[in-house]
Amino acid sequence: MELDNDAARDGLHDPVRDADLRIDDDVAGMRLALQWAARGLYTTSPNPHIGCVIVRDGVVIGAGVTQPAGQDHAEIQALKDAARRGIDVRGATAYVTLEPCSHYGRTPPCCDALVRAGLGRVVAAMEDPNPLVAGQGLARLAAAGIEASSGVLADEAYELNIGFFSRMTRQLPWVRMKTAASLDGMTALHNGRSQWITGAPARADGHAWRARACAILTGIGTVKADDPQLNVRAVATPRQPRRIVVDSRLEIDPRAKVLQGGGTWIVAAIDDHEKEAPLRDAGAEIIVLPNAHGKVDLAELMRELGRRQINELHVEAGTKLNGSLVRERCVDELLAYLAPTLLGDAQGMFGLPALTDLNDQYRLRFHDVSRVGDDLRILARFNPPSTI
């Protein structure tokens, strides 16, 4: 079950409710919980996207999805849903797409609420990678006499929260680089013309991937050439991802569209108070992360974004920055849309140096290949995974 943009869009509407669905086994229960989790794909970050359904005798008696940070988690929403229906959940089974939390954060521990409610059984898709939980939630449920287990549809649950797992285990965001190219790998003509190589369905699909990210990153070259808004427009979303511009010498025009609305992070390699002042007036934050060559330290930027609770980073940049990110092992996954056309001598996807030995090539593995309209969408992951 690939929980991609289609699932996200479907998740904006209520999944099938108990009046039309019977849960006959743990896989069916977890699959429905994953549908509920997908409803939070655009809203829950930096928290994971979690769904919970409560079942008794094959009937769903409560369901919920984690709300934006600081609000109810999925388990609490499901308990409240059952209470609104006037249903007692004692002895019922709860299917949760990630182990119930066991610590006080912005909200109290969910495992305690499940214990108080008298659940008979809790099935989690997988254990929480957060070191503050990491099996303790299931252990506390078991200590209270509730049958607790994990391992149902774990792969699907992991894919839904791949960025959260990355941040918890590596202290880094999951970096997904999006490109749109012709079949011969060209992204734009030498005069800069690139609109449009792929069709409208592929462009809308790309916006859905933007929407699920915590932040969208581009470079100053793209800002100068295209003046992009760098926001989500082609799909409905209740929140916009953070916008980030890599701009070593602070060359960005304070009137650039990417700065409109404020909140943009500009990552530079220099301190220049004269250039910074109008950018700050436009609501931008300047992050200075120089490397030894006077450029932005991209590896340190990824670590900084992990510290800032960015789970998924969506990159839409030009050839030069794309190449630098790949070369410095900062990319986990490529999201490539290929159009059935040939451009010939034009700009490529990545500005990478020529190789003299095939052993030095960057190896990936195909994760998913799908057709979107007339175009091909390829998800490919670096093999072995990128490290910084």
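Q: What area is buried between domain 1 and domain 2, and what share of it do carbon and sulfur atoms give?
A: In this predicted model, the area buried between domain 1 and domain 2 is about 920 Å², with 45% coming from carbon and sulfur atoms. On the side of domain 1, Tyr42, Pro46 and Glu159 lose the most area to domain 2, together 60% of what that side buries.

Q: Why is the pair Glu159 and Arg381 called a salt bridge?
A: The closest N and O atoms of Glu159 and Arg381 are 2.7 Å apart. The rule asks for a side-chain nitrogen of Lys or Arg within 4 Å of a carboxyl oxygen of Asp or Glu, so the pair qualifies. Across the interface of domain 1 and domain 2, the rule finds one salt bridge.

Q: How many residue pairs are in polar contact between domain 1 and domain 2?
A: The count is three residue pairs.

Q: Which residues does UniProt place under "binding site", and why can they be said to gather at one spot?
A: The unreviewed UniProt entry places this feature at His73, Cys101 and Cys110. They span 38 residues in sequence, but no two of their C-alpha atoms are more than 9.1 Å apart, and therefore they gather at one spot. Cys101 is found in the loop between β3 (93-96) and α4 (110-117).

Notes: Residues numbered from 1 in each chain as written. Predicted model: local features only at pLDDT ≥ 70, side-chain atom pairs only at ≥ 80, totals over all residues. Heavy atoms only, no water. Buried area = accessible area lost by both parts, 1.4 Å probe. Polar contact = N/O pair within 3.5 Å; in protein donor to acceptor, adjacent residues only side chain to side chain. UniProt positions renumbered as here; feature names shortened; annotations may be inferred. Helix = DSSP H or I, 4+ residues; strand = E, 2+ residues; numbered from the N terminus.
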